[in-house]
Amino acid sequence: MGKPRKNRKKEHYYREAKKHGYRARSAYKLKQMIRKYRLLVGVDKVVELCSSPGGWTQVLHEMDESLEIVAIDLVPMSPIEGVKFVQGDITSEDTIDEVVRIVGGSADLVLSDCSPKVSGHWELDVARQLELAQCTLKLGCRILGPNGKVVTKVFQGPGFQEFLQSVRERFSSVRLVKPDASRRTSAEIYLLAIGPKERTD
Ligand SMILES: C[S@@+](CC[C@H](N)C(=O)[O-])C[C@H]1O[C@@H](n2cnc3c(N)ncnc32)[C@H](O)[C@@H]1O
């Protein structure tokens with residue numbers, strides 16, 4: 001009997017990542033979103049939350065070597081040329097203040113592929129993931145200009161619709177994005193929000 005389709009896809013991107021030297025197969029999710037939504041057009045400065053082990057950061061650096069990238073994660077990340085890395089918790093104000101200071105108070109794109117450590121309790125994991133997505137959007141409203149963009153992972157579960165509604169109130173354009181490299185059956189989806197309506201501290 002053949003492998004289930006979802007595993008075949010996962011293995012396909014896993015093999016591709018190994019072959020091309022990416023640290024995580026999730027690199028392909030960002031590649032696909034960058035190409036489809038022209039995410040790097042007009043972008044000089046990027047803040048990448050929850051970046052380790054660095055697959056997304058590799059893609060950013062490879063697609064535009066001139067990008068100024070600040071990456072943050074709870075756990076260490078092996079260096080990538082030209083990338084500033086902050087080890088810290090994105091739910092902590094001190095960490096966010098440090099990031100804001102490093103980028104000089106502004107950026108063009110905020111990315112977040114955050115996943116909490118899974119507890120095995122679906123509702124708790126969804127709530128923790130939503131908290132990380134909220135922190136991402138909050139940072140976006142603090143440092144992005146009127147054409148700035150945020151891409152954040154979200155789990156579709158309890159609280160998701162309310163979260164989506166709150167983002168729609170704060171950003172001019174909001175869309176949900178499911179890159180091909182993300183398994184159809186997975187609850188994860190990415191939210192692309194463009195143009196914060198108001199800059200907040
Ligand atoms: C799916 S991985 C990111 C993979 C990354 N996009 C890549 O391509 O290599 C999720 C990351 O979220 C980080 N994370 C989870 N909670 C965090 C928090 N509160 N603050 C900072 N990083 C966090 C984890 O340490 C983990 O490295």
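**Figure 1. Cys 50 in the loop between β1 and α3.** Cys 50 is placed in the loop that links β1 and α3 of this predicted model. Its phi is near 60°, a positive value in a residue other than glycine. Cys 50 has 22 other C-beta atoms within 10 Å and is therefore buried, the threshold being 20 or more. The loop between β1 and α3 (55–63) also holds Pro 53. The peptide bond from Ser 52 to Pro 53 is cis, with omega near 10°.

**Figure 2. Surroundings of the ligand.** The ligand is surrounded by 22 residues. Cys 50 and Ser 52 are among the closest, together with Ala 24, Gly 55 and Asp 113. By class, the shell around the ligand holds 11 nonpolar, seven polar and four charged residues.

Figure 3. Seven strands form an open sheet in the order β3-β2-β1-β4-β5-β7-β6, and the pairing is mixed. The edges are β3 (83–87) and β6 (171–177); each has a single partner strand, so one side of each lacks a neighbour in the sheet. From one strand to the next, the twist averages 15°.

**Figure 4. Strand β4 and its two partners.** Strand β4 (residues 107–112) pairs with strand β1 (residues 45–49) in the parallel sense, over four bridges. Across this pairing, Val 46 stands opposite Leu 109, and Glu 48 stands opposite Leu 111. β4 and β5 also run parallel, joined by five bridges. Here Val 110 has Val 150 of β5 as its bridge partner. Six of the six residues of β4 are buried, so the strand is largely enclosed by the rest of the structure.

**Figure 5. Helix α5 against the sheet.** Helix α5 (residues 122–143) touches β1, β4, β5 (144–155) and β7 (188–196). The direction of α5 makes about 175° with that of β5.

**Figure 6. Arg 38 in the loop between α2 and β1.** Arg 38 is found in the loop between α2 (27–37) and β1. Although Arg 38 is not a glycine, its phi is positive, about 50°. Arg 38 counts as exposed because it has 11 C-beta neighbours inside 10 Å, where the limit is 12 or fewer.

**Figure 7. Glu 162 in helix α6.** Helix α6 spans residues 160–170 and includes Glu 162. With 10 other C-beta atoms within 10 Å, Glu 162 is exposed. Between Glu 162 and Leu 139 the separation is 23 residues in sequence and 19 Å in space, C-alpha to C-alpha.

**Figure 8. The whole chain, for orientation of the close-up views.** Six helices and seven strands make up the chain, in the order α-α-β-α-β-β-α-β-α-β-α-β-β from the N terminus. The radius of gyration is 16 Å, close to the 17 Å that the globule rule gives for 201 residues, so the chain is as compact as a globular protein of that length. Along the principal axes, the C-alpha atoms fill a box of roughly 55 × 40 × 30 Å. Buried residues make up 36% of the 201 in the chain. Of the contacts with a separation of 6 or more, 62% come from residues 24 or more positions apart.

Notes:
Residues are numbered from 1 along each chain as its sequence is written. This is a predicted model: local features need pLDDT of at least 70, side-chain atom pairs count only at pLDDT 80 or more; totals for chains, interfaces and linings use all residues. A residue is near a molecule or strand if its C-beta atom, placed from the backbone, lies within 6 Å of it. Ala, Val, Leu, Ile, Met, Phe, Trp, Tyr, Cys and Pro count as nonpolar, Asp, Glu, Lys and Arg as charged, and the others, Gly among them, as polar. Helices (H or I, at least four residues) and strands (E, at least two) are DSSP runs, numbered from the N terminus. The radius of gyration is taken over C-alpha atoms; the globule rule is 2.2 Å times the number of residues to the power 0.38. Two residues are in contact if their C-beta atoms, placed from the backbone, lie within 7 Å. Two strands pair if DSSP finds at least two bridges between them. Axes are lines fitted to C-alpha atoms, for helices over the stretch in contact, and angles run from 0 to 180 degrees between N-to-C directions.
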